[in-house]
Amino acid sequence: MTLTATPTPGKSLISPTDHTLVMIDFQSQMAFATKSIALELLRNNAALVANAAAGFGVSTILTTVAEKSFSGPMFDEIKAAFPDQAMLDRTSMNTWEDAAVIDEVNRIGKERLVFAGLWTSVCIVGPVASAIDQGFDVYIITDACGDISEEAHERAIVRMIQLGAKPMTSLQYLLELQRDWARGETYDLTTGIARRWGGAYGLGITYAKTMFGASEGGH
């Protein structure tokens, strides 16, 4: 049988409307002990993910643990991207065991979930493993997660991949939402986010635009 290729995206590629983003415990107390990634890079990547989701209208759940009594507020970069959205505060380490969070997952009704947060080995492994057990299609943004050591982070990522989770990075998340530079309605959004939080790639966009008036939408 001869296969026939078609110009259509693979089913595993994410789109703005096919998933819910869950951002977990990006809080001061959790960040203080994070050693697997530099905190300035973690905050940058969290901001990139949050602004990508907000800009593309992705359904998003923001949750904290013991915000008032121990862990402190969610990162300002995330709150700024979702200024009118309430944080769902929990006592459980495993987000999936919190009834309010699960009510929101069910209200939104998406079977594909994308997770990012602190710490990878506890607060991300817990809901990822639980969601997979219940039949959800799960992704993890690995460079928007962090843990108390590189070993803890990497073992957690391996464990989740073994369970069936799909890893991706923060910039990959943004560009997969855009996926075609001819989509002019979100071109400025995507390149604007990349220019601010996309590291060397963002610098390249700024350089090309400033020096040559170049854009990625043409042939």
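## Report on a predicted protein model

Ala66 lies in the loop that runs between strand β2 (59–65) and helix α3 (67–71). For Ala66, phi is near 45 degrees, which is a positive value in a residue other than glycine. Most residues other than glycine have a negative phi, and most peptide bonds are trans.

Arg179 is another residue with a positive phi: the angle is near 65 degrees, and the residue is not a glycine. Arg179 belongs to the loop between α8 (170–178) and α9 (184–197). The relative accessible area of Arg179 is 32%, and the residue is therefore partly exposed, since partly exposed covers the range between under 20% (buried) and over 50% (exposed).

The backbone also holds a cis peptide bond, which runs from Leu118 to Trp119 and has omega near -20 degrees. Trp119 is found in the loop between β4 (112–118) and α6 (120–133).

**The overall fold**

The protein contains 10 helices and 6 strands. Its C-alpha trace spans about 55 × 50 × 35 Å along the principal axes. How does the radius of gyration agree with that of a compact globule? A compact globule of 219 residues would have a radius of gyration near 17 Å, and the protein has 18 Å, so the two agree.

Of the 219 residues, 48% are buried. Contacts between residues at least 6 apart in sequence were also examined, and 77% of them join residues at least 24 apart. The accessible surface comes to about 11,000 Å², and carbon and sulfur atoms account for 55% of this area. As for charge, the protein has 17 positive and 25 negative side chains, and the centres of these two sets lie 3 Å apart.

**Selected residues**

A search of the whole structure finds 3 aromatic pairs. One of them joins Trp181 and Tyr187, whose ring centres are 5.6 Å apart and whose planes meet at 75 degrees; the pair is edge-to-face because the angle is over 60 degrees.

Thr142 is placed in strand β5 (residues 137–146). With a relative accessible area of 18%, Thr142 is buried, because this value is under 20%. Which residues does Thr142 touch, not counting those up to four places away in sequence? The residues in contact with Thr142 are His153, Ile157, Pro167, Met168 and Thr169.

Ala100 is located in helix α5 (residues 99–108). Its relative accessibility of 41% makes Ala100 partly exposed. The C-alpha atoms of Ala100 and Ala47 are separated by 24 Å, and the two residues are 53 residues apart along the chain.

The table below lists the accessibility of these residues.

| Residue | Relative accessibility | Class |
|---|---|---|
| Thr142 | 18% | buried |
| Arg179 | 32% | partly exposed |
| Ala100 | 41% | partly exposed |

Methods. Residues are numbered from 1 along each chain as its sequence is written. This is a predicted model: local features need pLDDT of at least 70, side-chain atom pairs count only at pLDDT 80 or more; totals for chains, interfaces and linings use all residues. Side-chain values use heavy atoms; hydrogens and water are left out. Helices (H or I, at least four residues) and strands (E, at least two) are DSSP runs, numbered from the N terminus. The radius of gyration is taken over C-alpha atoms; the globule rule is 2.2 Å times the number of residues to the power 0.38. Buried means under 20% relative accessible area, exposed over 50%, partly exposed in between (1.4 Å probe, protein chains only). Contact means heavy atoms within 4.5 Å. Accessible areas come from the Shrake-Rupley method with a 1.4 Å probe; for residues, only the protein chains shown count as cover. Lys and Arg count as positive and Asp and Glu as negative; His and the chain ends are not counted. The place of a charge is taken as NZ of Lys, CZ of Arg, CG of Asp or CD of Glu. Rings of Phe, Tyr and Trp (its six-membered ring) pair if their centres lie within 6.5 Å; planes under 30 degrees apart count as stacked, over 60 as edge-to-face and the rest as tilted.
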